[in-house]
Amino acid sequence: MRIRSVLAAAATAGAVAAVAAAPAQAAEYSSALKIKGVQYDAPGRDSNSCTKGNTKDEYLTVKNYSRTARVNLKGYVVKDAAGHRFRFSADHYLEPGDYVKLRGGKGKESDAKNVAYRQNCDFLWNNDKDTIYLYKPSGARADVHGYTKARNDRDGNGYITFHG
């Protein structure tokens with residue numbers, strides 16, 4: 001009897017630990033909005049000149065993976081591992097299946113062209129490795145992905161897909 005009780009207690013503890021661990025993973029992807037991919041290394045030689053540079057060619061794609069919900073990006077925050085951040089301050093609605101490319105550089109935000117500009121000509125993503133965080137307006141994490149050039153960018157084109 002004692003062995004059976006010990007085994008039952010161990011099985012229960014294991015199940016509780018698995019359930020307790022699951023929400024942390026699930027919470028990461030509890031949002032309809034997810035990071036689809038990142039062009040972390042803009043083609044060509046990096047130049048953060050606002051007039052002749054290529055920061056606009058470095059972008060993060062955020063997609064609405066919901067089948068029914070329209071989502072407003074206003075208040076969502078994108079951060080990197082070093083704490084550099086961008087907050088969507090304007091209304092930008094993503095229909096189900098729609099996406100936006102958050103680009104470096106300066107420009108006009110456009111729902112029609114699925115683009116938002118950071119209004120900053122500095123590069124945000126590191127070319128060797130970084131971590132990308134997406135936070136909901138409430139401050140809860142919507143998605144997070146770390147990458148290294150060697151591990152995640154097998155074809156070397158500077159683009160990594162996280163969600164299809």
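Colleague: How many disulfides does the count come to?

Modeller: It comes to one disulfide, the rule being a pair of cysteine sulfur atoms within 2.5 Å. Bear in mind that this is a predicted model: local features need pLDDT of at least 70, side-chain atom pairs count only at pLDDT 80 or more, and totals for chains, interfaces and linings use all residues. Numbering starts from 1 along each chain as its sequence is written, and side-chain values use heavy atoms, with hydrogens and water left out.

Colleague: What makes Cys50 and Cys121 a disulfide?

Modeller: Their sulfur atoms are 1.9 Å apart. The cut-off is within 2.5 Å, so the pair counts.

Colleague: And why is that disulfide called right-handed?

Modeller: Because the torsion about the S-S bond of Cys50 and Cys121 is about 115°. The two cysteines link distant parts of the chain, 71 residues apart: Cys50 is in the loop between strand E1 (33-39) and strand E2 (59-64), and Cys121 is in the loop between strand E8 (115-117) and strand E9 (129-135). Helices (H or I, at least four residues) and strands (E, at least two) are DSSP runs, numbered from the N terminus.

Colleague: Why does Cys121 count as buried?

Modeller: Its relative accessibility is 6%. Buried means under 20% relative accessible area, exposed over 50%, and partly exposed in between (1.4 Å probe, protein chains only). Cys121 falls under the 20% limit, so buried it is.

Colleague: Why is the pair of Tyr40 and Tyr147 called tilted?

Modeller: Rings of Phe, Tyr and Trp (its six-membered ring) pair if their centres lie within 6.5 Å; planes under 30 degrees apart are stacked, over 60 edge-to-face, and the rest tilted. For Tyr40 and Tyr147 the centres are 4.9 Å apart and the planes stand at 40°, so the label is tilted. This pair also links distant parts of the chain, with Tyr40 in the loop between E1 and E2 and Tyr147 in strand E10 (residues 141-148), 107 residues apart. Tyr40 is buried at 0% relative accessible area, and Tyr147 is buried at 1%.

Colleague: What makes Tyr133 and Tyr135 a stacked pair?

Modeller: Their ring centres are 6.1 Å apart and their planes meet at 15°, so the pair is stacked. Both Tyr133 and Tyr135 are buried. The structure holds four aromatic pairs.

Colleague: How do you know that Arg70 lies over the face of Tyr93?

Modeller: A charge sits over a ring if NZ of Lys or CZ of Arg is within 6 Å of the ring centre and within 35 degrees of the ring normal. Arg70 is at 4.1 Å from the ring centre of Tyr93 and is listed as lying over its face.

Colleague: What makes E8 and E11 the edge strands?

Modeller: E8 and strand E11 (159-161) each pair on one side only, where two strands pair if DSSP finds at least two bridges between them. The open sheet has five strands in the order E8-E7-E2-E1-E11, with mixed pairing.

Colleague: How do you know that E2 and E7 pair?

Modeller: Five bridges join E2 to strand E7 (residues 99-103), and the rule asks for at least two, so they pair. The two strands run antiparallel, and Thr61 stands opposite Lys101 in E7.

Colleague: Which residues have the most contacts inside the largest nonpolar core?

Modeller: Leu60, Trp125 and Ile132, in a core of 24 residues. Such a core is a set of buried Ala, Val, Leu, Ile, Met, Phe, Trp, Tyr and Cys residues joined through side-chain atoms within 4.5 Å. E1 gives the largest share, three residues.
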